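Okay, everyone, thanks for coming. Let me put the structure up, and then I'll talk you through it.

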Amino acid sequence: MKTGHKNLRIGVDVGGTNTDAVLMCGSAIIASTKSPTTRSVREGIVKAISAIIASGGAAASDVSFVSIGTTHFTNAFVQRRSLDSVGVIRIALPAAQALPPMTDWPADISSVLGGHTITVRGGYQYDGRVNSDLDELAVADAARQFKSRNLNSIALSALFAPVNDAMELRAAEIISHEHPDCAITLSSRIGRIGLLERENAGIMNASLVTLARDTVTGFKSALEELGIAAPFYVSQNDGTLMSADFVEQYPVLTFASGPTNSMRGAAYLSGLKDALVADIGGTTTDIGVLSNGFPRESSVMVDIGGVRTNFRMPDIIALGLGGGSIVTLLKGGGVQIGPQSVGYNITTQAVVFGGETLTATDLAVAAGYADIGDRSRVARLDKRVIEDGVTEMHRLVEAGLDRMKTSGDAAPLVLVGGGSVLINRELKGISEVRTHSDAGVANAIGASIAKIGGETDKVYSYDVEGREAAMEDAIASAKARAVAAGAGADSLEIMDIEELPLAYVPGGAVRLRVKVAGDLAAAGVNQR
């Protein structure tokens with residue numbers, strides 16, 4: 001039976017265990033599915049989207065756009081696989097000589113990337129003034145060296161490039177002339193002011209360029225096979241979307257997009273814009289905080305695969321608790337939950353499914369508040385083990401929630417994820433708990449409703465420019481970036497403004513960060 005709807009949206013989240021998909025029209029969820037992630041990302045997407053289109057009685061021509069979230073790039077970097085060798089050019093001399101690029105990288109990954117680094121003269125000061133003129137000849141020579149080594153991915157980082165990116169742009173022009181076949185990553189497009197961590201993010205991104213191209217090609221192939229001609233977007237880790245072309249250039253911005261999608265989906269399903277969120281999957285529980293409907297960003301350096309970075313990341317803690325977490329009976333009494341998990345093998349290894357491994361799901365079923373598998377298989381489980389296990393699961397979540405709270409006041413909690421059935425008791429410090437029948441596919445919903453964002457991060461001199469003029473310039477810059485990325489200008493909203501006075505810098509210097517977001521212009525619909 002046909003839905004009769006046009007302008008349908010599809011959201012897909014490709015996780016390590018499951019691939020989830022939803023079909024939406026306006027605020028209504030028409031169909032959803034959850035299936036095991038396949039070795040071939042393309043095949044998994046085809047299977048998931050085919051299922052929801054059939055279930056929703058829709059046609060491929062009814063789909064206006066598709067948004068996809070994936071852990072593909074995060075997993076590749078952490079596991080040191082499918083990475084490119086990278087040529088690194090730092091534009092900073094005579095400053096920043098003490099610590100060469102990739103100084104603190106783990107040996108196993110720096111060896112994979114090759115350690116090809118060159119530092120040249122150039123860079124700016126904190127307020128955008130020239131610190132040293134760009135040595136264009138040195139940049140050209142570096143490009144020729146990298147070309148001779150068959151390095152086709154180059155990372156550029158310049159001193160204070162987020163404040164003034166002119167030297168990075170000029171260096172990119174020179175490199176493109178000398179080595180036209182290479183892909184160039186500009187650090188100013190990814191990280192924030194700190195040089196070393198921003199440079200790390202740029203190198204990390206450059207190592208993923210070939211994988212990004214292959215992955216995007218796989219996504220396009222999947223949609224073509226399905227007969228979907230609508231544009232598709234990939235979700236970033238701030239709850240917004242980027243085009244397929246942009247993700248080919250900057251795949252690193254997808255890192256941690258999975259938990260971010262779940263949190264955006266949690267906001268959508270619960271109607272809450274400010275709340276704690278616990279996304280309980282098969283292996284872990286990700287806990288974060290919603291602020292104005294978007295994940296709270298981390299304010300500290302983030303370690304990814306042993307490498308420190310300073311690009312935006314959601315403030316998330318991960319607990320070793322999920323539906324497949326293995327239950328261990330301790331010799332002195334009591335139980336340990338996780339961190340080991342049977343993961344996607346839960347349907348064959350958990351006791352309620354006829355397996356022999358006691359899991360957190362088995363405890364929830366035995367306690368009588370979850371209806372999964374065959375309850376009779378855990379009917380004779382020791383009552384003390386059940387009680388101790390359920391108590392420990394709730395203790396773990398309570399401890400995680402307490403770590404994320406910024407005050408002692410009780411706060412609302414939204415439970416999402418397939419493992420959310422593990423929690424059924426009151427939790428300390430929580431005013432109310434909300435969940436939803438579609439909580440298991442909150443991540444795909446989050447991908448479907450994601451907006452287009454734009455951000456600026458720049459140092460202004462209030463003594464010279466004035467606060468009002470500086471604020472207007474920062475907001476206009478952020479909006480321009482959002483529109484360039486595909487947002488409708490009329491739908492843009494300011495999501496966050498952060499003013500950080502730089503007391504150690506003269507002239508009333510203030511670091512100003514502005515973030516805006518709006519609906520996808522091509523979709524022509526309000527995505528809430």
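So, secondary structure: the chain has 15 helices and 23 strands, where helices (H or I, at least four residues) and strands (E, at least two) are DSSP runs, numbered from the N terminus. Before going on: this is a predicted model, local features need pLDDT of at least 70, side-chain atom pairs count only at pLDDT 80 or more, and totals for chains, interfaces and linings use all residues. Residues are numbered from 1 along each chain as its sequence is written, and side-chain values use heavy atoms, with hydrogens and water left out.

Now the overall shape. A compact globule with 528 residues would have a radius of gyration near 24 Å, and the chain agrees, at 24 Å. That radius is taken over C-alpha atoms, and the globule rule is 2.2 Å times the number of residues to the power 0.38. The box filled by the C-alpha atoms is roughly 75 × 60 × 50 Å along the principal axes.

How much of the chain is buried? It's 55% of the 528 residues; buried means under 20% relative accessible area, exposed over 50%, and partly exposed in between, with a 1.4 Å probe and protein chains only. As for contacts (heavy atoms within 4.5 Å), take those between residues at least 6 apart in sequence: 68% of them join residues at least 24 apart.

On to the aromatics. The whole structure has five aromatic pairs. Rings of Phe, Tyr and Trp (its six-membered ring) pair if their centres lie within 6.5 Å; planes under 30 degrees apart count as stacked, over 60 as edge-to-face and the rest as tilted. One of the pairs is Phe65 with Tyr233, edge-to-face, at 6.4 Å centre to centre and 85° between the planes. Phe65 sits in strand β4 (residues 63-70) and Tyr233 in strand β9 (residues 232-235), so this pair ties together parts 168 residues apart in sequence. Both Phe65 and Tyr233 are buried.

Then there's Phe246 with Tyr250: the ring centres are 5.1 Å apart and the planes at 40°, so that pair is tilted. Phe246 is partly exposed, at 29% relative accessibility, while Tyr250 is buried at 4%. There's also an aromatic cluster made of Phe77, Trp105 and Phe255.

Last stop, Thr260, in helix α9 (residues 257-270). Buried or exposed? Thr260 is buried, with a relative accessible area of 0%. Setting aside neighbours within four places in sequence, Thr260 contacts Gln236, Asn237, Asp238, Gly239, Pro295 and Pro314.
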